[in-house]
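Work through the exercises below with the sequence and the model at hand. Each task is followed by its solution.

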Amino acid sequence: FTIINASYAATAVNASQYPEGELAEIAFIGRSNVGKSSLINSLCRHNGLARTSGTPGKTQTINYFKITGKLSDQSRLEFMLVDLPGYGYAKRAQTARATWSKFIEEYWLNSERLKLVCQLIDVRHPPMESDINVYRWLIEHGLNVQVVATKADKITRGRVAQHVQIIKKDIKMPALNPDSQIIAYSAVNGTGRDELLDVIRNILLK
Ligand code: GDP
């Protein structure tokens with residue numbers, strides 16, 4: 001599965017601005033500075049597609065990118081990549097509900113086209129309380145979550161493996177869930193890219 005085109009599609013600050021159409025959605029979420037823009041740009045091989053939100057706490061927007069992929073039989077597969085605002089700026093208010101606005105909660109609860117949430121967690125550190133709360137909240141609300149451990153090039157492979165185990169334990173990832181593999185990703189050297197694309201393809205073809 002390869003991505004052959006990625007382009008900006010829409011920005012929404014409320015539900016009336018969700019783009020029209022039926023495209024399946026794959027969402028990306030994580031603490032600010034986790035490497036979300038870098039991952040999106042590396043996944044799409046399109047520098048500058050996603051930009052860092054800049055000032056923490058600024059207006060929360062949902063950004064949509066239309067992605068066209070090509071399967072090995074040359075057929076096309078389109079989906080919407082959804083970039084959600086980073087969480088975790090607030091020192092207080094670390095419950096999942098408090099980490100995002102009503103608008104973002106509405107997105108999670110009402111987007112029928114949402115097939116998968118990729119939750120990004122920095123591989124170098126144990127998950128923060130906000131990461132754990134967000135993961136638990138998404139799972140409890142029946143969403144499909146793929147955890148991606150970012151910045152894998154910053155530590156040795158041995159440490160990556162160790163830290164992935166710590167993340168699994170801390171977020172209480174269901175052990176028997178067949179989808180419970182964490183993907184270690186590096187936007188710098190492309191580690192994990194094919195693996196994440198495979199997960200996305202499989203979800204879209206389900
Ligand atoms: P965002 O706020 O989550 O969108 O984070 P960014 O994508 O802007 O990344 C935050 C910082 O981490 C930037 O300085 C990036 O260059 C750096 N970064 C992001 N991903 C990686 C990665 O995979 N490897 C390394 N070494 N640095 C990364």
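**Exercise 1.** Which helix gives the largest share of the shell around the ligand?

Solution. The model is predicted: local features need pLDDT of at least 70, side-chain atom pairs count only at pLDDT 80 or more, and totals for chains, interfaces and linings use all residues. Residues are numbered from 1 along each chain as its sequence is written. Start with the shell: 17 residues surround the ligand, the closest being G35, K36, S37, S38 and A187. The largest share, 3 residues, comes from helix 1 (residues 36–44). Helices (H or I, at least four residues) and strands (E, at least two) are DSSP runs, numbered from the N terminus.

**Exercise 2.** Find the strands that pair with strand 5.

Solution. Two strands pair if DSSP finds at least two bridges between them. Strand 2 (residues 25–30) runs parallel to strand 5 and is joined to it by 6 bridges; here G30 stands opposite L120. Strand 6 (residues 145–150) is also parallel to strand 5, again with 6 bridges, and Q119 stands opposite V147.

**Exercise 3.** Is strand 5 mostly covered or mostly open?

Solution. Count a residue as buried if 20 or more other C-beta atoms lie within 10 Å of its own, with C-beta atoms placed from the backbone. In strand 5 (residues 114–122), 7 of the 9 residues are buried, so the strand is mostly covered.

**Exercise 4.** List the buried residues of helix 4.

Solution. They are S130, D131, N133, V134 and Y135. After helix 4 comes G142, with a positive phi near 75°.

Note on methods. A residue is buried if 20 or more other C-beta atoms lie within 10 Å of its own, exposed if 12 or fewer, and partly exposed in between; C-beta atoms are placed from the backbone. A residue is near a molecule or strand if its C-beta atom, placed from the backbone, lies within 6 Å of it.
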